[in-house]
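Hello,

Here is the structure I promised to pass on. My notes on the two ligand sites and two residues follow below it.

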Amino acid sequence: MDGGKLSAMCPPLTMTTTPRRYNITTFGCQMNKADSERMGGILDDMGLEWSEDPNQADVVVYNTCTIRDNAEQKVYSYLGKQAKRKHHSPDLTLIVAGCVAEQEGAKLLRRVPELDLVMGPQHANRLGDLLQQVDNGNQVVATEPIHIPEDISKPRRDSTVSAWVNVIYGCNERCTYCVVPSVRGKEQSRTPEAIRAEMEELGHQGYKEVTLLGQNIDAYGRDLPGSSESGRNKHNLTNLLDYVHDAPGIERIRFATSHPRYFNERLIRTCAELPKVCEHFHIPFQSGDNEVLKAMARGYTHQKYRRIIDKIRHYMPDASISADVIVGFPGETEEQFENTLKLVEDIGFDQLNTAAYSPRPNTPSAVWNNQLSEEVKSDRLQRLNRLVAVKAGERSQRYQGRIEEVLVEDRNPKDATQVMGRTRGNRLTFFTGDIQKLKGQFVRVKITEARAFSLTGEHY
Ligand code: SAH
Ligand code: SF4
Ligand code: F3S
């Protein structure tokens, strides 16, 4: 992050009061990253300064994730250290935001009494008000469901090239393993006008790429007034893409996460027709077995999933496909697991996020009595991961010798003579170049080396 610019331009009038400094540590998904950027923007607006090191900061935020147990446990070890620090730095303000905050609520205060603020994801845009209450001497818990207000501050974005734009918050699905609906609440779509205005502003600031975000982005618009209209006036993802597509300056548009239950042909055709929409689709399938999919309450079969991928490849033969999958769901047999391996073998994903099932609080499948042992889960995860690496390696070979358009984002952290960026298909690509000149540029790169998950090439 490159904060602190404003205060460098306008030094405080007296040097006796140094501004308070803050740090935000972010766990979890893109939604949390986007929330952290907005919370950072609010703190910047309040005159605080960014500190790289949480141990030097006066306001410490942990924006947390609880998708699996190991994600949740991580935060407790961090919190323990900060709680100790507070004993000799009483001015330290300690905040837990995000999904663990929502899940645990006031229980967190009992576990870590040094906390000043526990705030769920729906409250991210209210950080300023909540800190005011803390300054008045209160310990605050903000986890009740609310209508998410539009954020009027300028997010403190991680990148100057590529930006997240939230389009829908929450999730109304009820996948039996998933904690997200209980921690992120009901679906709330932003208006097309607000989304487009944010994209225009980003284009104006020099951003080139936008990723539209939602836990179930295909649900976009169904909660907005007028969503029952037909055709072009209806609020849905396809019409949103049409509506925002010509935002000046933005050259690439991505979106995530798609749900196979709702992914339709009209959306696929629109993606193929709109030149800025990149040929990369993230469509989690979770399992390749129909019985398991049913127990997960996903609402589709593996045949339907395969048909979606076929349709995408029909309209965009080179599209890259990524997904999420869970192994070791309660009751999953060896044969059912092999159906997942078969799907992975058949589809040939460009990338796959794999996870062993983890029982989560307040989810139906957590209390079923057919849980599998950790040994079985980890054995299946390893077998799947081996296959994924082989298949991704094979998929990557198609890039060998090709010329790809790379949007340069940064220096290669491992080699200062190289820059890195992404192809339209979202493959991370490295090549020799000067970041000062190339940042934010589209560069034609000839691919000379194709590894499973990244490419190396030369400026063409
Ligand atoms: N909205 C997206 C993903 C949400 S969570 C979707 O519908 O697919 C991100 C990923 O975490 C999920 O796709 C799933 O693969 C994984 N996940 C969610 N709950 C899990 C659990 N209880 N155990 C293991 N992995 C889980
Ligand atoms: Fe979780 Fe299912 Fe919603 Fe995705 S669609 S966030 S997996 S409940
Ligand atoms: Fe984690 Fe919450 Fe995202 S649980 S995956 S940070 S929605």
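A residue counts as near a ligand here if one of its heavy atoms lies within 4 Å of it. Please keep in mind that this is a predicted model.

Ligand 2: by that cut-off, Cys171, Glu173, Cys175, Tyr177, Cys178, Val180, Pro181, Gln215, His259 and Arg298 surround it. Sorted by class, that shell has six nonpolar, two polar and two charged residues.

Ligand 1: its shell holds 15 residues, with Tyr177, Gln215, Gln286, Asp324 and Ser358 the closest. A nitrogen atom of ligand 1 sits 3.0 Å from a polar backbone atom of Tyr177. Arg68 places a polar side-chain atom 3.1 Å from a nitrogen atom of ligand 1. The side chain of Arg298 has an N or O atom 3.3 Å from an oxygen atom of the ligand. On its own, ligand 1 has 530 Å² of accessible area, and the protein covers 89% of that. Strand S13 (320-327) and strand S14 (351-356) are the elements that give two or more residues to this shell. Domain 2 (159-278) and domain 3 (286-398) each supply at least three residues. The classes are seven nonpolar, four polar and four charged.

Arg427: this residue is in the loop between strand S16 (415-422) and strand S17 (428-432). Its relative accessible area is 4%, so Arg427 is buried. Its side chain makes a polar contact with the side chain of Ser396, at 3.1 Å. Its contacts beyond four places in sequence include Asp350, Tyr399 and Phe453.

Glu198: helix H8 (residues 192-205) carries this residue. Beyond four places in sequence, Glu198 touches Arg157, Trp164, Val165 and Arg190.

Best wishes

Notes:
Residues are numbered from 1 along each chain as its sequence is written. Chains are lettered from A and ligands numbered from 1 in the order in which they are written. This is a predicted model: local features need pLDDT of at least 70, side-chain atom pairs count only at pLDDT 80 or more; totals for chains, interfaces and linings use all residues. Side-chain values use heavy atoms; hydrogens and water are left out. Helices (H or I, at least four residues) and strands (E, at least two) are DSSP runs, numbered from the N terminus. Buried means under 20% relative accessible area, exposed over 50%, partly exposed in between (1.4 Å probe, protein chains only). A polar contact is a pair of N or O atoms within 3.5 Å; within protein, one must be able to donate a hydrogen and the other to accept it, and residues adjacent in sequence count only if both atoms are side-chain atoms. Contact means heavy atoms within 4.5 Å. Ala, Val, Leu, Ile, Met, Phe, Trp, Tyr, Cys and Pro count as nonpolar, Asp, Glu, Lys and Arg as charged, and the others, Gly among them, as polar. Accessible areas come from the Shrake-Rupley method with a 1.4 Å probe; for residues, only the protein chains shown count as cover. Domain bounds come from an automatic or database domain assignment.
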